[in-house]
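Hi,

Here is the structure I promised to pass on. Have a look at it first, then read my notes below.

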Amino acid sequence: CHSDECRKMSTTERTFIAVKPDGVQRGLVGEIIARFEKRGYKLIALKLVSPTKDHLETHYEDLKGKPFFPSLISYMLSGPIAAMVWEGLDAVKTGRAMLGATNPLASAIGTIRGDYAIQTGRNICHGSDSVESANKEISHWFTENELNKYNNPLQSLIYE
Ligand code: UDP
Ligand code: MG
């Protein structure tokens with residue numbers, strides 16, 4: 001697709017990225033934000049939150065029934081979470097690539113998990129795994145008002 005309309009649509013794909021409690025407490029929020037900023041993604045929403053157990057169980061509802069589910073929920077409840085929305089071309093897939101594999105031991109060096117984490121149960125960050133789950137997660141964590149609308153003149157330097 002090469003029309004202006006399609007180019008605009010493809011560059012407005014959004015993903016939900018979160019720094020988990022271990023990442024926040026280890027002082028990695030700035031580092032993670034910086035990587036998305038420097039890559040060229042546009043920051044749409046950002047907040048530090050301490051969600052309820054219920055909120056987190058809904059966020060991870062696809063994993064209900066997994067043996068690690070209770071420990072995952074208590075891990076996610078162990079401190080505040082830095083929740084954000086990033087926008088740009090292929091934001092979901094590239095966001096996942098920037099985070100690295102779920103198991104940090106399998107994450108490539110140069111990815112966030114590959115550089116800053118060792119174990120799956122302390123893998124410091126979350127990223128949506130599809131456009132569909134991104135949309136679901138964004139509306140679960142943010143109100144429409146919290147999704148900022150602004151023009152970023154840098155876009156013409158980042159996209160051809
Ligand atoms: N997780 C875990 N043990 C496992 C698999 C997953 O503790 O065996 C945790 C880990 O924090 C992971 C989260 O559950 O990030 C969600 O799992 P998912 O498979 O969705 O991985 P992700 O999408 O975060 O890479
Ligand atoms: Mg997942």
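A crossing of two helices is called left-handed if the near helix is turned anticlockwise from the far one by less than a right angle, and right-handed if clockwise. Helices (H or I, at least four residues) and strands (E, at least two) are DSSP runs, numbered from the N terminus.

A word on the source: this is a predicted model, where local features need pLDDT of at least 70 and side-chain atom pairs count only at pLDDT 80 or more, while totals for chains, interfaces and linings use all residues. Residues are numbered from 1 along each chain as its sequence is written, and side-chain values use heavy atoms, leaving out hydrogens and water.

Now the helices. The crossing of helix 3 (residues 29–39) and helix 6 (residues 91–99) is right-handed. On the helix 3 side, Arg35, Phe36 and Arg39 meet Thr94, Gly95, Met98 and Leu99 of helix 6 (contact means heavy atoms within 4.5 Å).

Helix 6 also has buried residues (under 20% relative accessible area, with exposed over 50% and partly exposed in between; 1.4 Å probe, protein chains only): Ala91, Val92, Thr94, Gly95, Met98 and Leu99. Their cover includes helix 3, strand 1 (14–19) and helix 8 (131–141). Just after helix 6, Gly100 has a positive phi of about 100°.

Last, His126 in strand 4. An unreviewed UniProt entry gives this residue the feature "active site", though such annotations may be inferred rather than shown by experiment. His126 is buried, at 10% relative accessible area, and the residues it touches include Leu99, His59 and Glu137.

Cheers

Technical notes: Chains lettered and ligands numbered in written order. Axes fitted to C-alpha atoms, helices over the stretch in contact; angles between N-to-C directions. Lists of a residue's contacts leave out its neighbours within four places in sequence.
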